[in-house]
Structures are given as structure tokens and as C-alpha cells.
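Hi,

Here is the structure I said I would pass on. Have a look at it first, and then read on for what turned up.

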Amino acid sequence: MTFLKLAATVWLCGALPLWAQDSAVTISPPAAFDGIADDAERSAALFTEMGKVLTSPRCLNCHPVTGGPTQGDDMQPHNPPVVRGDADFGAPGMTCNTCHGPKNVELTTAQGSIPGHEPWSLAPVSMGWVGLSLGEICSQIKDPERNGGKTLEELYEHNAHDGLVGWGWDPGEGRTPAPGTQELFGQLTRAWIDTGAACPA
Amino acid sequence: MGILTTRRGFLAGGTGLVLALTLPVGRGRAQMTVTGPFAPNAFVRIGTDDLVTVTIKHIEMGQGPYTGLATLVAEELDADWAQMRAEAAPADDTLYANLAFGAQGTGGSTAIANSFMQMRKAGAAARAMLVAAAAQEWDVPASEITVKAGVIAHSGSGRSSGFGALANAAATQPVPEDPPVKAQADFALIGTDRPKLDTVSKSNGTAQFTMDVYRDGMLTVLVAHPPKFGATLAGVDDSAALAVKGVRMVRPIPSGVAVYATNTYAALKGRDALVLDWDDSAAETRGTEDMFAAFAEAAAQGGQTVEEEGDLAPLDAAATVLSAEYRFPYLAHAPMEPLDAVIETRGGKAEMWFGSQFPSFDRLAVAEALGIAPPDVSINVLLAGGSFGRRAQGSAHLAVEAAEVAKAAGRDGTFKLVWTREDDLRGGYYRPMTVHRLRAGLDADGKIVGWENVVANQSILAGTPMEGMLQGGPDNTSFEGSTGLPYRFAARRIGWAAMESPVSVLWWRSVGHTHTAYAVETFLDEVLEAAGQDPVQGRLDLLAAESTRERAVIEEAARMAGWQGRRRDGKGYGIAYAKSFGSYVAQVAEVEDRSGIPHVTRVWCAIDCGIAVNPNVIRAQMEGGIGYGLGTALHSRITLAPGGGIEQSNFHDYRMLRINEMPAVEVSIIASDQDPTGVGEPGVPPIAPAMANAWRALTGQKQYQLPFLGGAMA
Amino acid sequence: MTSFRVNGRDHDLDLDPDMPLLWVLRDELRLTGTKFGCGIAQCGACTVMVDGMPRRSCVTPIGQIEGSEVTTIEGMDGSEVKAVQAAWTAIDVPQCGWCQSGQILSATALLQQVPSPSDDDIDNAMAGNICRCATYVRIRQAIHDAARTLEG
């Protein structure tokens, strides 16, 4: 490794938020919550566990409430500056795919990567999470008016198998993956739904 | 004289081979007769296709000499602008010296200033020879012949001709020794707008820059430089690099380790695969904070006095004493085309293609590095994708690195040296980091009784091959702009403390004025406010009666802005003035508060740069200078981590101004009959203090450290 | 072997599929109007069209554009780019010129989608293209001028 490899360290680290400093964030499987007798309580606990994924920078960066996306583990405003655009896909002349391809691309002049996936876009405004409590995210995620018309089963499918969701665990060099695995996230979602999809307070 | 110094040659023209006429003019001619080679000081070539090609001795890096110098020739030649062309001069000190330097080079915003009479004489001589040829052919008195917009005419006989048809005949005419030039009142082109000669090729992708040079068998070379300034190579494991497909060899050179490959991608991958061990024992291991502390301590000691007037004692006893310490970071120039150079070695000779800004230095240094004679090094000066001072290297370090690359290859060949953006930002040659300490005293009436400004930074020239220019004195580029102020303070003292570091420094667009204008003009703004004075009127009141040009630009900028004081309608207004490179500039900035971030919405700029050769280029340089200075003040800093090593690497953390941050700019050029002065740099110094003054007016916040936004994402 | 079209010509290239399109265009095809400025999609100097959409070629491995149609500044054609280039030359936008191919491609893409862009539209489309000479005032003006030309 040469000094060139240092380049991205500064970029991608900077002043890290608490979340990213705790590199040992892990998530537990549904069975870990079997000891909670009350279904609703257990369900809320399961969602809280799911929340470790939902509130990771890998998810929050592209679930903004206002303006454009953030980037990096420290969730800085996206640079170059980009806007949401009518289709959650950037501005005419500089849409997301101007830089983001179908896969992550390792940089050639420095360490790090440009993230990519097909498709690649912002979550709709109705699905913005930044600044919301976990309970608010939970209510929103269940609400077909705001979650893109998804039933709970479709939500499970999304969390367990959607490719862009899965990107969170394969974010490319220089980004901390979302905690756990998509499989585990799917199992938690399944268990949360099966216990009544209750929301934490 | 004419026979000796007129060269005839066949040149490819629009319709085939044409006979050209080449004219010697100016200072170089005398030198030429001394040095001997039959290569006259050639600036003008006229083909039988009517095209007039001007050989431009200054590098075109966006600042406009192709257009500006061609304008000067066209003016005296009475050519039509549409027939004018420009091409770069090769490295040749004898013929193409900057008359301000005595050597070939571009810098200090001198391109027009030093060429103003030389290029006009070149055009006037060509015109006289064309007229003489026409007079001979038509058998009419030369005095009755007129030339206008490329047409030579004799009204009495009804004869007329373009230049091309008379080019051959003109080539046989004697060259006038000292042809007369026009009075300013007779200028037809100077002072008017016309299309730039390099715009079309820069709008369709055909403009040729260094990186666009491809030659048979050429290898692309990247060099791994030390991660810390002053570190030296202790060990290399190149086995993985050599295993990369396309990598041909790896060689240690004085500046690092060179990787030679058949294409850029392979060179990048090969360099990345090097395992390198560096010796840091002589390296700069201080972090930026430690260095600032040392610089501030030195400034507090007062430094050596570089300018002094009056008795400063009343300052300490003044009714009101203001003081401030300013901190300015290292800055990279970051031209859009990273540094690059192509070198070809053939049987003991070398030919180069690159954006050489100081061909004189580059040529000598390359010859020395290769152990050959300077005449065996030829340099083709290409368009440069920006420079802002970065390519103006007294050390010739880029050309030397290219030479070392060629030498280390151990065989003749063609090598394209390419720096990446990371190499550029971490490669040193920065605007010096600087600390200013300022103090000012006001008496009970608000009169400034004393002004003290101490500057601490590294000298740009000391320790370089240009050190001789200092003649043992202090380096004026370190504090220029703190000295020579037009403001009449009752007493003043300017001090300078010379700092040292292995981090290399260089002139950066407007050089010392990059920080002195900020420190002086923001501190003065505070002082004027403490004295209960308006920023515009307060400045005007400090000017001597003879400071008419200073007064004119300040008044004009204020007039354009409709100046009504520091604030109005929720916006802040600030003014700043700076004279640099002979030109007087004042700017007013209008600033909004956007979520705690200053956003400059409009800038009004007044400049007096003497006779305005091409107002279009001058406006462009003011617009660009404002954007360059603004982006830097908002975003840019190069910092060293504790232990040494540059923290920034690319445009994500060394940010440039982007279009969404660019204000509307209105430029007013003061009419003048004085000789032209610089425009490439003088637009930069006033914008940062103008913005800071507006921001303080709006928010009360004082910004003593640049950049405003901390340099990272904001 | 990677196959794609560049400026209307088919190319079958036996190159590392991870090689960025930028270096393939420049080093292999000698289309040098597309420039290297940063290598990390920060500056836009390397912008080309891929299947009609602007794309930063420095972060586009050729393996990702199999079968695509690439258009560089040398191959751009159509009323929008002509209007943009005419507007660019009319008010002398370029200074050093290094970034201008990228600027012109982004501006063309904008006008293809938004015939009469506002200042905000221009800022949003062009904020990914850095001009170190800061020719932004004229870029903005030239895009407005080109839009007026296209309106006829």
C-alpha cells in the first residue's frame, strides 16, 4: 500500500459520528428476542433492532427529508451538490447515473469507490427518515400512503431481497456496511410482521 | 539589415505552399547578431493566403495572450481581425524573452505590459514593408497608400490588394529600424472587443494540450512521491508493480519512484502496487497547528522592519487600540490540467512538449539533468489547462522530473509524465501559509495614529535558483500589499518574520496579495467602523490628493453598487481595494446569509489597468479572478496532519468554487492613456476581503482564519 | 473482449474490463477532447454521453458499458450542441479550456431535457462541472443564449 491509499481515509472518515465510531455494531437474530413474552413488546423490540440498519448512514444518506442526499459515514452533504429532482433521480443534466453506475466502482487514482447499483436513486420524500424517531420511521414504513403502496408482505420482500437495500451490506471500499446481513434484516422484518408489526414508542 | 534578418521560408498555407515573410523586431535582434544563429526575432508571418500568424512568446493558459498580443500586431498592421492567427513560440531566450524579466517566461501579469510596444513595432514594421512593396509594384508614392482592415489601397490609381498577394514582394523590402506606431486616438482594434483566437478549438475538443500528445512508442509515466515533505526513499519492492499488465519498468529517480507503462491505467495500477519505504528523518513532521503556533510566535516578536514611517509610539497610548491575528493556510493552485510533460530523447538531444511557463529555466535545467548542452534541448510550448502560478517554476521541477524519467529509462524514447490530482494537491509548491498580526490605534477623534502589520511566512525565492533576485534583502513577495499602501496613517511599521519548512512554496495567482489584501482590507474595515466611518468614504478620506487612480476605482465600484452603507434589505455590503501588478482594483460584494453560510450574490468590480487592449479579456479575467479568490476564501486549505503529510487529496476535500456559488459580476474598466498593466492576477485580491467585510456587516462575525467553511464538505 | 460504439463506430477492445472509459477514449482511441481532471467524478472534465445521458468516464469501467453508444465531444451532433457551441464562441466562454468539453456536454444534456432552463436549472445541471478559471458567469449566460437560439 502506498501513500496514495491514504487519500480516501481522510475523505471517508473525517469526524465520525458516534454510529460509525462504534464499528462493532451488530444485530441479533429474532430468536434473541424470544424471551420477551408480550407480542407487542417483542415486536417493537424487533423493530428497534431493525432500526440499527435503518438508521445506518448506508440507508439514511439516500432517505433524506429535505434537499438532496448526504454521503459518507459522517453523512456530509453530497459533493458535488445534487438535488432530488422530479423523479428522485437528480436534475436534468446531472442525474444520479451521471456518476453512479450499475455497480460500485473502485477509484483508480486513490483508495475508495464510487457507489453504484441498478437502479440507483433517492427514496421518495414520503420515505424520508433523517431526523425522525424510530417510532416515526416505523409508522411511516407501515403506511401504504407513504411507503409506496406496499403491504407488509411486500415490505418484507423489499427488506429481505431488494437489490438496492442489499447494497447497504456491499457498499464498496471506503464505506462501513450496514450492520448484520440482509438475510438477518429479512428475518427480523419477518418476525416483526409476524408479531404484529408494532412500533417502538 | 533587411537581408541579414529577413527569413524566407515555405510554409503550409490554406491552399498549399506559400512564401512567408518573417520580420525581426525589437530587442532580440541585436542579441541575435551576437549569438549568431540565422533565426531572426520573428513575431509576424504573412502567408499568400492572407493569414497573419503571430508568434506568441507567452504561454496561453487562459489569461488571453494569444488574443492580446495578436491584437497589438493587428492594430499597427491595420489587419482585419478575421485574418489573424496565433501560435506558440518555442523556447528561445534570444528571440522571445519577456522584456520585464530578460528571460523567456510568463508571470507577474506582464504579458501585455512587456509586449505592448514590441508587438506594435512588429506589426508596424510588417505594415511598412507591405506598403513599400505595393508602392514598388504599383509605382506610386508610399505616402499615398492606405491600409485598412487588411486591404492595401491607392486611391489615385484605384489599385488595391490584400496582404497575401504582396507577401512575397514585402519579404524583399528592407526592415524598418524603428517604425512609427499609432497615437492612442487612432486605435481601431485596441480598446474594442473581438473574438478570442483560441475559443473555437476550446469549444469543440480540438485544442491540443500536453496530455493530448501521443507519439509512437511513448510510455506513460507516473511517479510515486514521498508522502511527507523532505522524506527520502529507503526501499522499494516493485515486484507487484512489474506484474501489472502494461507496466514496462520501475526506476527510482531523485523525486521518487517512476513507473513506466504502455497506458495511463497500467501506470496507475503499477504505481499503486509499489511497496515503498520512506525515511522521514529530514521530513517536515509538524502538523499545521504546530506550524501556525510557531509562525504566530514569530509574528509576535515583530520580525524585521521592511517599511516604516513616522513615530509608532502613539499607537500604544491611543484612545482605542485594535489588534488581530490572521491565519492563512497553504493553498494549492489546482489547475484543471494536472502537471504533465512529454519528453523525447534521441541521440543526445531532447525535445519536449508541455505547458512550459518559464522555458528559459526549464531548458537549462533539463540540459543540466541530462548532461547535454542547452541548445540540444528544444521545448514546444503547448496550451496549458490553467496554471495560476503552478507552472512558473524557478526550480523547473516538473521539466527536471521528466528529464530524470527519460534518463532513468536508460535508453532513448518518448515518455509522458502525468501527475494525478492527488499528486498535484500533495505535491507542494503551495501559496505560503501565513500569519499576520495587525494593530491600529485611533485617537479620540477617530484618526488612525498608528498602523502595525507583521507578516510571518516562508520566502518564495529563498533557497531556490531565483534567490539571487533577492540580492540579500527580504523577499518582497512575502509581504507585498502590506507595504506600499495608499492610505495615509500618521505612522506605520511593516515587519516580516522569515519562516522555514521543507514544504515547498510558490507564487499563487496574485502572490503576496492573496493574504495581505485580506488582512489589510478587513482590518481596515474594522478600524474604520470603530472610528465611526463609512467603509467607502473612510477609505477615500485616507487617500492622498495625488492618489487619483486609487480614488477612481473605489468611487466607481461604489457607484456601480449603488453604495448606501454596510447593510440594506437583509444583505451585507463590503468593499475592498488592492493594487497589484500595476493595476488598481476595487470590488464591492453583496452577501446573503444562507443558513450560516455566506453566499455572494453580486460583485461590482472597477479596474484601472492602463490602456485596455481587449476589454473582453479584461472582463473575463476579473470574473475569473473573483471566482478563483471567492472559492479559495470559502473552501480551500492544504493542511498537514500531526506528524506531517498532507491531509487533502482531491476536489472533495480541496474544494473549488462551483457554478451555484458564483455571483453575478459587473466590471467597469476605467478609461486611461497610461501603458497597460496586469489583469491576470489583480482581480483576485479584493474579493475575499470584500466578502468578509460584507459578511461582518451582515452578521457581526469576524473571520480571522481562512477558509470560511473549514475546507471540507460544508 | 468489450464491445461498444464510440461516435458511431463499433469497437471490440481486448482490454481490462475495469479500465475506465476515460483512458480507453484517450490512450486507445486517441479521442483527446475528453479530459482528465480528478479521476473521482468530482470535476466533470471527463463527461461523455453514454446512450444519450451524460456520464463521468473516469468512473465508468468499460465492462459496465458493453453494447452502449458512447458520444464524445468529437462526435456530438444535433441542434442543441450546435447552439451551445455557437453561444460558447459568441461570448468567449473558455479561458484555459481544459474543462470546456465537459461543460458543453452537460449544458447540451440540460437543453435536451429543459429547453428554457432557469438559473436554478443551470446551477443544478452544471454544479458537477468545475471550472478552475471560474468562467461560470459566461457559462450561465451562454446556456441562456443557446436556449433562445433553439427557441428560434
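How many residues of chain B are in contact with how many residues of chain C? Bear in mind that this is a predicted model, and in it 60 residues of chain B touch 47 residues of chain C. Together the two chains bury about 4,500 Å² between them, and 57% of that is on carbon and sulfur atoms.

Next, the aromatic residues. Over all chains, the structure holds 23 aromatic pairs. Take F229(B) and Y430(B): their ring centres are 5.9 Å apart and their planes meet at 80°, so this pair is edge-to-face. F229(B) sits in the loop between β9 (219-224) and β10 (232-237) of chain B, and Y430(B) is in the loop between α13 (421-426) and β20 (434-442) of that chain, so the pair ties together parts that are 201 residues apart in sequence. Both F229(B) and Y430(B) are buried.

Then look at W508(B) and Y628(B). Here the ring centres are 4.9 Å apart with the planes at 45°, so the pair is tilted. W508(B) belongs to the loop between β22 (492-499) and α14 (513-530) of chain B, while Y628(B) is part of helix α17 (residues 615-635) of chain B, so parts 120 residues apart in sequence are tied together by this pair. With a relative accessible area of 2%, W508(B) is buried, and Y628(B), at 1%, counts as buried too.

There is also an aromatic cluster made up of W451(B), Y487(B), F489(B), F523(B) and Y577(B). Two arginines are worth a click as well. The charged end of R120(B) sits over the ring of F116(B), 4.7 Å from its centre, and R568(B) lies over the face of Y573(B), at 4.5 Å from the ring centre.

S356(B) is in the loop between β17 (349-354) and α11 (359-370). Is S356(B) buried or exposed? Its relative accessibility is 1%, under the 20% cut-off, so S356(B) counts as buried. Its side chain makes a polar contact of 2.6 Å with the side chain of D362(B). Leaving aside residues up to four places away in sequence, S356(B) touches I59(B), D362(B), I379(B) and V381(B).

The other one is L706(B), in the segment after α18 (687-699) of chain B. At 10% relative accessibility, L706(B) counts as buried. Again not counting residues up to four places away in sequence, L706(B) touches R327(B), F328(B), P329(B), Y518(B) and A633(B).

Last stop, chain C. Helix α2 (residues 79-90) has 12 residues and reaches 16 Å from its first C-alpha to its last, close to the 16 Å expected at 1.5 Å a residue. Which residues of α2(C) are buried? They are V81(C), A83(C), V84(C), Q85(C), A87(C) and W88(C). What do the buried residues of α2(C) pack against? Their partners are α3 (100-113) and α5 (136-151) of chain C. Just after α2(C), you will find D92(C) with a positive phi of about 50°.

Conventions. Residues numbered from 1 in each chain as written. Chains lettered and ligands numbered in written order. Predicted model: local features only at pLDDT ≥ 70, side-chain atom pairs only at ≥ 80, totals over all residues. Heavy atoms only, no water. Helix = DSSP H or I, 4+ residues; strand = E, 2+ residues; numbered from the N terminus. Buried < 20%, exposed > 50% of the residue type's maximum accessible area, 1.4 Å probe, protein only. Polar contact = N/O pair within 3.5 Å; in protein donor to acceptor, adjacent residues only side chain to side chain. Contact = heavy atoms within 4.5 Å. Phe/Tyr/Trp six-rings, centres within 6.5 Å; stacked < 30°, edge-to-face > 60°. Lys NZ or Arg CZ within 6 Å of the ring centre and 35° of its normal. Expected span 1.5 Å × (residues − 1). Buried area = accessible area lost by both parts, 1.4 Å probe.
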